[in-house]
Amino acid sequence: MGRIEKGVKCNVSGCGNEAARSISVDKVKAAGLSVSSKENRAYICKEHYKEYKKKSKKDKTLDKWRFGR
Ligand SMILES: [Zn+2]
């Protein structure tokens, strides 16, 4: 995780909260969040990070079910 400078805003569309984390745009999009970033990293706020974590966890669980055994 990269360090976040103060004053950086969340890149999720419609969100203006202060960013708490930077995550690769691909990963954020894979979690179903729409981000607008020109870089490879997206900055997301605490709330969206929670959402991101929840969704990526779900995907992992699904993979386990699919590929488990
Ligand atoms: Zn946000």
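Residues are numbered from 1 along each chain as its sequence is written. Because the model is predicted, local features need pLDDT of at least 70 and side-chain atom pairs count only at pLDDT 80 or more, whereas totals for chains, interfaces and linings use all residues; side-chain values use heavy atoms, with hydrogens and water left out.

The protein contains two helices and two strands, where helices (H or I, at least four residues) and strands (E, at least two) are DSSP runs, numbered from the N terminus. Read from the N terminus on, the order of these elements is β-α-β-α. Of the 69 residues of the protein, 26% count as buried. Here buried means under 20% relative accessible area, exposed means over 50%, and partly exposed lies in between (1.4 Å probe, protein chains only). The accessible surface comes to about 5600 Å², computed by the Shrake-Rupley method with a 1.4 Å probe; for residues, only the protein chains shown count as cover. Carbon and sulfur atoms account for 48% of this surface. Contacts (heavy atoms within 4.5 Å) were also examined by sequence separation. Among those between residues at least 6 apart in sequence, 41% join residues at least 24 apart.

Asn11 is located in the segment before strand S1 (19-24). Asn11 counts as buried because its relative accessibility is 16%. When residues up to four places away in sequence are not counted, Asn11 touches Ser34, Val35, Ser36, Ser37, Arg41, Ala42 and Tyr43.

A salt bridge was assigned where a side-chain nitrogen of Lys or Arg lies within 4 Å of a carboxyl oxygen of Asp or Glu. By this rule the protein has two salt bridges. One joins the side chains of Lys50 and Glu47, with an N to O distance of 3.7 Å. Lys50 and Glu47 are three residues apart in helix H2 (residues 46-67), so about one helical turn separates them. Lys50 counts as exposed, because its relative accessibility is 51%, and Glu47 counts as partly exposed at 48%.

Another salt bridge joins the side chains of Lys55 and Glu51, at 3.4 Å from N to O. Lys55 and Glu51 also both lie in helix H2, four residues apart, which is about one turn of the helix. Lys55 has a relative accessible area of 31% and is therefore partly exposed. Glu51 is likewise partly exposed, with a relative accessible area of 31%.
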